Amino acid sequence: MSDITVIGLGAMGTALAEAFLNQGHKVTVWNRSPAKAEALATKGAIVAKSVEEAVRSSPLIVVCLLVYDTVRETLGPTGAALSGRTLVNLTNGTPEQARAMSGWALSQGALYIDGGIMAVPPMIGGPHALILYSGSSQAFDACSGQLGALGTSKYLGEDAGLAPLYDISLLTGMYGMFSGTLHALALTGAAGIPAGEFTPLLASWLQAMQGLLPQWAEQIDSGDHTSNVASSLGMQADAYINLVEASRSAGVSAELVLPMQSLMKRGVAAGQANADLSSLVGLLQRSKQGA
Ligand SMILES: NC(=O)c1ccc[n+]([C@@H]2O[C@H](COP(=O)([O-])OP(=O)(O)OC[C@H]3O[C@@H](n4cnc5c(N)ncnc54)[C@H](OP(=O)(O)O)[C@@H]3O)[C@@H](O)[C@H]2O)c1
């Protein structure tokens, strides 16, 4: 028997297995393409000959494959092998997929924890690798010490869908920042300004703007978006027109910035011109309900 089994040795799974090995855990590994296990074997990992053997080798099974369908395809044929074990699924997915996987694991007699990895492989094992977990608190309490080898753990609650919900929401924030950055660099680059000259200014501007988030959180939680508004939606919607027009006249595609303009217009039309930008969250939620 080993302490932990890692199934899936892509870039992330390999980093996870290495982090467990570095903490002195006895680790069994399995990957569809066996060659990816060779380097880990030289570092002390035991290479299982089949998925079932891998599952039967440890009480704690950590899975990191490409998508959830792959997890079901891979673990499905292992039959009753999962019974009595803890399955930690660190594959990226949706809250619905996590809840369905949790139900399936339970039907196999396993305890289930879903996870979201907020890190890239080289960060795994260091304090800046944040790993979000949700699902069985009983299982998390029992294995949190071992999972600590991967980075900083944050347990969110019994609902297995919470980790992917937080994961996806954090990624959404990241992609918003990346899309704004891409547009800014296209605009300045079209004017011949080197990215190396502009990005330090952009980075410090983005950092300064993060300072608004606590106020937004208060406004959203209280539902009052009109107190102490320094930059109203109406003012920002007017200034945004310049952003779109300057892009067009520079021959820079406005495809990343137009959706925000249309939401701002919708906010102004809904009578929210004097409110803060945070009031747009409610409009997004209402559009989900078909309003
Ligand atoms: N890399 C990152 O920066 C990062 C960050 C956060 C989260 N994640 C998440 O971590 C998960 C793994 O990412 P990764 O970077 O390790 O991806 P990857 O390097 O592409 O590895 C994919 C893994 O899935 C396996 N796989 C794919 N299709 C399969 C199938 N049909 N049957 C069995 N195994 C299959 C691959 O096996 P083979 O080796 O045989 O192809 C490999 O082990 C993804 O859900 C990803 O979103 C990644």
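This is a predicted model: local features need pLDDT of at least 70, side-chain atom pairs count only at pLDDT 80 or more; totals for chains, interfaces and linings use all residues.
**Entry 1: the ligand**

I began at Ala11, where a backbone N or O atom lies 3.0 Å from an oxygen atom of the ligand. Residues are numbered from 1 along each chain as its sequence is written, and side-chain values use heavy atoms, with hydrogens and water left out.

Next I looked at Arg32: an N or O atom in its side chain is 2.8 Å from an oxygen atom of the ligand. At Leu66 I found a backbone N or O atom 2.9 Å from a ligand oxygen.

How much of the ligand does the protein bury? I got 74% of the 900 Å² that the ligand exposes when taken alone (Shrake-Rupley method, 1.4 Å probe; for residues, only the protein chains shown count as cover).

Then I listed the neighbours, meaning residues with a heavy atom within 4 Å. There are 22 residues around the ligand, and Met12, Asn31, Arg32, Ser33 and Lys36 come nearest. I sorted the shell into ten nonpolar, nine polar and three charged residues. My classes: Ala, Val, Leu, Ile, Met, Phe, Trp, Tyr, Cys and Pro are nonpolar, Asp, Glu, Lys and Arg are charged, and the others, Gly among them, are polar.

**Entry 2: the ligand's pocket**

Which pocket does the ligand sit in? It sits in the second largest pocket; "sits in" needs more than half of its atoms within 2 Å of the grid points. Two elements give two or more residues to the ligand shell, α1 (11-22) and α4 (68-75). Helices (H or I, at least four residues) and strands (E, at least two) are DSSP runs, numbered from the N terminus.

I had to look up "pocket" too: on a 1 Å grid over the protein atoms alone, it is an open set with protein on both sides within 12 Å along at least five of seven lines, and lining residues have an atom within 4 Å of a point. A cavity is a set of points where a 1.4 Å probe fits but cannot get out.

The second largest pocket has a volume of about 770 Å³ (the space filled by probe spheres set on the points, which are joined across faces, edges and corners). It has 29 lining residues, with Met12, Cys64, Leu65, Leu66 and Thr91 closest to its centre. α7 gives the most to this lining, four residues.

**Entry 3: the largest pocket**

The largest pocket holds about 2600 Å³ of space. I counted 48 lining residues, and Gly176, Met177, Trp216, Met260 and Leu277 are the closest to the centre. Here α7 gives the largest share, 14 residues. By class I have 31 nonpolar, 15 polar and two charged.

Key:
A polar contact is a pair of N or O atoms within 3.5 Å; within protein, one must be able to donate a hydrogen and the other to accept it, and residues adjacent in sequence count only if both atoms are side-chain atoms.
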